[in-house]
Amino acid sequence: MALMPDLLAQFLQMALVLVLAPLLTGFVRKLKARLLRRRGPSLTQPYRDLLRLLRKEVVLAENASWLFRAAPYLIFATTWVAAALVPTFATGLLYSWSADLIVIIALLGSARFLLALAGLDVGTSFGGIGSSREVMIASLAEPAMLLIAFTVALIAGSTQLSTVAAFMGSPDVGLRVSLGMAAIALVMVAIAENARIPVDNPATHLELTMVHEAMVLEYSGRHLAMIEFASHLKLLLYVSLIACLFAPWGLAEPGAGRGAMAAGVAAWLGKLAAGGALLAAFETATAKMRVFRVPEFLGAALMLGLLATLLMFVSKSL
Amino acid sequence: MIGRAALLLFGVAALLAVGLLGGALRGRPAGRRLVYGMTVVLCGSMAAAALGQLLDAPAAASVAWLPLGLPWQGAHFRLDALSAFFCFVVGVGGAAASLFAIGYGRHETAPGRVLPFYPLFLAAMNLVVLADDAFSFLFSWELMSLSSWALVMAHHQERDNAHAGYVYLVMASFGTLALLLGFGLLAAAGDYTFDAMRGAEHAPSTTLLVLALALLGAGSKAGIVPLHAWLPLAHPAAPSHVSALMSGVMTKVAVYGFIRIAFELGGEPQWASGFLVLLVGGITAVLGVLYALIQHDLKRLLAYHTVENIGIIFIGLGLALAFQSNGLPAAAALALTAALFHVLNHSVFKSLLFFGAGAVLAATGERDMERLGGLIHRMPKTAFAFLAGCIAISALPPLNGFVSEWLTFQAILQSPELPQWALKIMVPAVGAMLALSAALAAACFVKAYGISFLGRPRSDAARQARETDRFSLAAMFGLSGICLAAGILPGFVIDALAPAMQALLGARMPLQAGVDWLSIVPVAAGRSSYNGWLVFAFIALSASLAVLIIHRFASHARRRAPAWDCGSPDPDPATQYTAGSFAQPIRRVYGTWIFAAREVVEMPAPGSVAPARHREILRDLVWDRLYAPVAGAVEYASERLNVLQFLTIRRYLTLVFLALVTLLLVLAIWP
Amino acid sequence: MDRLAFDIAHLLAGGLVLASFMMLYQDRLYALLNIFALHALVLAASVAWQAWIQEAPHLFVTAGIAFVFKGIVIPIALHRMIQRLGMHREIETVIGVGPTMLAGMGLVALSVAVMLQVTEGADPLAREDLAFALAVVLLGLLMMVTRRNAVSQVVGFMSLENGLVLAAAGAKGMPLVVEISVAFSILIAFIVIGIFLFRIRERFDTVDVQALDRHRGERQ
Amino acid sequence: MSALPDIAVRAVLLVPLGFAALLAALPDYRLTARLNVLAALATLAAALALLAGGRPEPGPYLAVDDLNIVFIVLGALVGFTTSLFSAGYIQHELDTGRLTPGYLRFYHAMYQALMFAMNLALVANNIGLMWVAIELATLTTVLMVGIYRTHEALEAAWKYFILGSVGIALALFGTILVYMAAHPVVGPGRDAMVWSVLIRHAAEFDPSLLNLAFIFLLLGYGTKVGLAPLHAWLPDAHAEGPTPISAVLSGLLLNVALYAVLRFKLLLAANPGALAPGPLMVAMGLVSLVFAAFMLYRRRDIKRLFAYSSIEHMGIVAFAFGMGGPLANFAGLLHMVLHSLTKSAIFFAVGHVAQVKGTQKIADIGGLTTSHPWLGWGLVIGVAAIAGLPPLGIFMTEFLIVTSTFTRQPLLAVLFVLGLLVALGALFLRLNSVAFGPVRGSVEPARASYLPLYLHLVLVLAAGIYLPPPLVAWFTHVAAILG
């Protein structure tokens, strides 16, 4: 039956994102270290970390609740599902019809919701700091993301990522101001969402500056591994999202042959590499900003998104 | 064969009888169980009847007539698709609240002030939805206000409750009088039946005026900004199951009134009215959630959050009006469906959350989140249900809150077709507001749940809390079940709503039952689609897969230890993040102008042993700018006029004399 | 003859208005009472004249009542009362005599203006009488309004009723009901006011209305 | 067979008169209290007989038509329930020594005299007779208001007396003017004052005389109705007199005065040349409504509070009749009836409350629903009714008035609605502290008969839910008469 290959492709993507996510992180770290004239850890370091964490026993705080223990898996699961929905190397995968861009955003939102709750569960001051700052950042990042989604959807006439990607690939996109704005806004949001410099520093453990790390402070062992994994996945997701929206080249058509698939995978790897490189370069070039400068940063993203949407609404009628 | 409308009227009559019974049996525990048990049964069966109407005979409206009320006209009742849907909402909410109350009512200090009015309140809400002429509508509408006022005054001894009830009643009457004027416009012919109004032709100016009055009347009841000020006072003041009804159901009845007038009775919708409603809805959504975020009183937070959801619903209604006025019935159907779906969703999870708050209140005697915490250990079941409510209301997949917001977004994406520039500018702005409010809602409920249920207990009351009774739990879990069901199988709800769309707009959303894999497709598969149960299944599957693999192949060893907390753990729960500190960043981002928030920090001089204090002063600007001046004006006028009470007889005679002379002068210069 | 009758009636009615003005002018109680007696006498004369020219004997009764009660009994009674209460001091009028007179002029003008609207259909005698009666009523009211003293207020009220009687008498063929009622009201007024003044004297030691106002409710 | 109606009419008048004389003679106050109730009951029976047994021929002095029968029955009913209430009330007054048996004789005699006067004013077919009757009613009430002989009571009575007499004088002048207008047409003599004759020839009367007359009558009888700015006597008279008298004043006397105004409004309406009386009444009604609504906020005395509310409602009724038209007139009639019932019910409750708490100061009364549930909830229902909330009847009348006005005079309707809202705000502001919140004042149980109170409330409730068709037909007919 025809269902089989589609299913296979779908599972292939899910497996691929799972495999490649730590690699991307490792790649970025490596590159950053290089740019800072350090040798840096090997590309496989993230895998090792994950495995080690998985093997370690979990140290739970006394009053950690079932929510605290369930959260990591759920966070991982939602992020994975979201990542599985983004067209990476092929469009129109079987599962991609069950959700669109807005759903992806919302799924990441659920992950964040759980993470913020987990940060509050033990009842430590740092968890509180992390959660409250996280939701503050999210309260700006999410609308910005949604407005970007609006812009894209208005251009492509659909919120369905596969359709959007196909449309973006086609010549009749043309060069649009709002598209550029959306791109910039999306990058800014991606930086914030993945707790990268200048919004947050994934490497720091300076209490007062950290956001994401503060929330997961109480986690250890396999739980921590799940959360780390989820953040790797998130990074991958955003890079591939940006790629499929603004560089939708080489994506395999629905029902395409193995060759096209392979080409798609290759193209995707290339995009990931490029994205990682850009990120590393950007992070080394900038410094982290104060927490209360972050709203301004994201507010700019929000405004860009709104502007882009407005332009779309107006231009639609012309 | 007796019509369903008549059937529901019997239900209403039965509810009234139960009210009398409650008055008779007040004080006895048996009375409590009897009354609430009977209301469960009645509301349940009425919901079933309404659902039946909605499913099997949607097109044909069932009517009934009683020789009551306004003479030479009588009371007309009508059960069409729209009213059937709202009857269902009311029934479900009422049944759940009554079930909850069977257990919760045990903590009631003054049952004599609740039992008689509670069934009356339910009956009145059903009557509003059934009414088919202006008099019966307003009669039941005001009766609803009056009975809920009595319920708000149930705990009249507590501080501020009397004031809350007072503000509530005045605002309610304000709304009723606005609607009264509106119907005065519509019933120009002197025929008060809705049938006549449907038939009549209305000038565009009339339509606009009526819509404005309906917005004032129904809006003040639903709690749109700036008419919301009574809501966060009154809803928390009532007993929790009543708060749930007021917040979850009564506001929806108000929405029903608005839909009825704006889409059906008031004549052809104007695009300007769509603009107006969109504006109001957007502002309401954002302000509501921002106010909710800074509340520390759990029930008041929920009440403020109701304002936000009302805003979302009105955004949907505004879109529908805009589309309909521009001859885009299909898009209008999408927007209206989204709004009605959200009506259902909000009624469910807001009731659920109020039940949770009530359970917490009963267990700890605390509404102040600053004195709660760690309840997830002592009330695990309640905590679970409450969490479901939080996820649902934060519009997170795979629960139902997300679906309605998703549909609203899809409706917004339809709107570039609108010709008017005002709408072109307004709709994206409203979209941004909607997105903002959705994100803030998540933040708000992270706070609500994290502070009150997670962390360490902040007071002895929270430390000694016990799990609540089984009836309350049954109610909460039932509603959580509905949240999940509506979230993963939204197609059925959409199809059930279709007849109402057909009746109001002459169009409907595409049939969802046919779509393969039970996903929903608002417009076309190419544009957008969502499959709730698949998403849910994948999450569950992958999560359990991860658990399985890890526990099977990696370690499952576990050790309990003191919290790490960056190496500086602190045994004192006071060092946790409080509700205030949690909201502080957001308050700093949005708050300074919206709440005129001021923070007063008293830092003692180095060496002094005085404690450092940090106080935040938050004001509801609407109150200061709108309500206080009005109250002041009335005060001033009464003060000035009051002089007339203390004149000498001679001066009173002077008044008479002057009146006489004036009238004579009038007569002298009369042509 | 008819012409003459008309003029005399006119004269008497005008005299009544004049008397009202004189009462407005007075600022001493005794003088006021005397003028009021005069007022009543003029009224009695006018009513009697009406009775004569209308061949309506019952009007003589009214005239008699007016003469006896208003012209003699009440002035004397009030005189006694004033002595008993020891209040021979001046009446403190609210606004000066001058303005009061001016206001009175205005009222007369007003009443005439109003009456001019009445069509010629009604017989002229009635119209003139009504105009004057209206003037007297308004002047009496003005007096009640401009005096602070209970006695003078009562007097003002009575002059007002005189105006009513004048009007009633002028109304041709008005059945006995009205005369009875007028007498009735005067009687009641006299009795009740008497009672009240009596009580008031025993409760407060002045008849000044402001003394009463001090006891109004709600002034905690 | 018209014997019965004639007997009934005579009975309506003679029963109170006879009992007034009898009660004045009897020394034993317990007996007189019972006899008072008996007399009121007999009057009620007569009134009902009159209602049922057709109309007598209108004579030169007495006449019964559809308009005044409404008032007669209503008056008899409220008079009866009030006499019931009064029996319990005065008992307490005796115990506390505020009244002496001697005064009670006087009180009961005056009560019946008042009933007689009001019924006479209602059945009078002769405008002179009507005037006499209303004058008599005023005097009796003056005496009863002053009965406590406290400074405040005397002052209230004095104020009432002065303003009332001026008003009555103006009314008399108006009556004379009507005669003057009539007698060129009807010819001199009694007929020129007989109502049924007047209305027949009203069209030919001199319009300007009628206008002048109406102004005097409106101000004269309007003083009794308590329309602003002629209202001054009303609050104090209600507050300082015995509560049964407050109930009768608000419930009946105001209506009787209003009835007189209505009669003459009809007269003017029948004359094409005359100025339309409607606008005058609408203006005064609206002024009274808004003015009273604001005055409610500053009240510290609970009886004075509800007295002002009576002014407000008289304003509403005047407004309705002034607007005219079948709906507004119907609403006006119904509103008047329901207001009488509700307001007297409120005064029953308030009277007992004031006796139990030993004060009329709102500040010293609190938490009634806790300390005296029956009184408290009765008061709550009454206030809800008077504020025009369903399911009680006044909601219907206000619904009709507003909807029928808004199409014709939108601005007036808006002002009207605002007035209602302001009044409601004030009433519930006070009710909050009186009926709810912490208990203030004594908590000793009230020795009260709740029958009159709840009888009235039940009637008002029933009216709000279901009006029997005969009543509707009858009121519709009367509304048609009123034009």
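Chain A meets chain B through a contact that draws on 75 residues from chain A and 69 residues from chain B. Please keep in mind that this is a predicted model.

**The side of chain A that touches chain B**

- Seven elements of chain A each bring at least two residues to this side: the helices α2 (45–55), α3 (66–85), α4 (101–121), α5 (125–156), α9 (221–246) and α11 (294–317), along with the strand β1 (58–61).
- α5(A) gives the largest share, with 18 residues.
- By residue type, this side of chain A holds 42 nonpolar, 21 polar and 12 charged residues.

**Strand pairing across the chains**

- β1(A) runs parallel to strand β3 of chain B (residues 558–561), and four bridges join the two.
- Within that pairing, A:L60 has B:R560 in β3(B) as its bridge partner.

**The make-up of chain A**

- Chain A has 11 helices and one strand.
- Read from the N terminus, the order is α-α-β-α-α-α-α-α-α-α-α-α.

**Overall dimensions and packing of chain A**

- The C-alpha trace of chain A spans about 60 × 45 × 45 Å along its principal axes.
- Because a compact globule of 318 residues would have a radius of gyration near 20 Å, the 19 Å of chain A agrees with that expectation.
- Buried residues make up 61% of the 318 in chain A.
- Taking the contacts in chain A between residues at least 6 apart in sequence, 81% join residues at least 24 apart.

Notes. Residues are numbered from 1 along each chain as its sequence is written. Chains are lettered from A and ligands numbered from 1 in the order in which they are written. This is a predicted model: local features need pLDDT of at least 70, side-chain atom pairs count only at pLDDT 80 or more; totals for chains, interfaces and linings use all residues. The radius of gyration is taken over C-alpha atoms; the globule rule is 2.2 Å times the number of residues to the power 0.38. A residue is buried if 20 or more other C-beta atoms lie within 10 Å of its own, exposed if 12 or fewer, and partly exposed in between; C-beta atoms are placed from the backbone. Two residues are in contact if their C-beta atoms, placed from the backbone, lie within 7 Å. Ala, Val, Leu, Ile, Met, Phe, Trp, Tyr, Cys and Pro count as nonpolar, Asp, Glu, Lys and Arg as charged, and the others, Gly among them, as polar. Two strands pair if DSSP finds at least two bridges between them.
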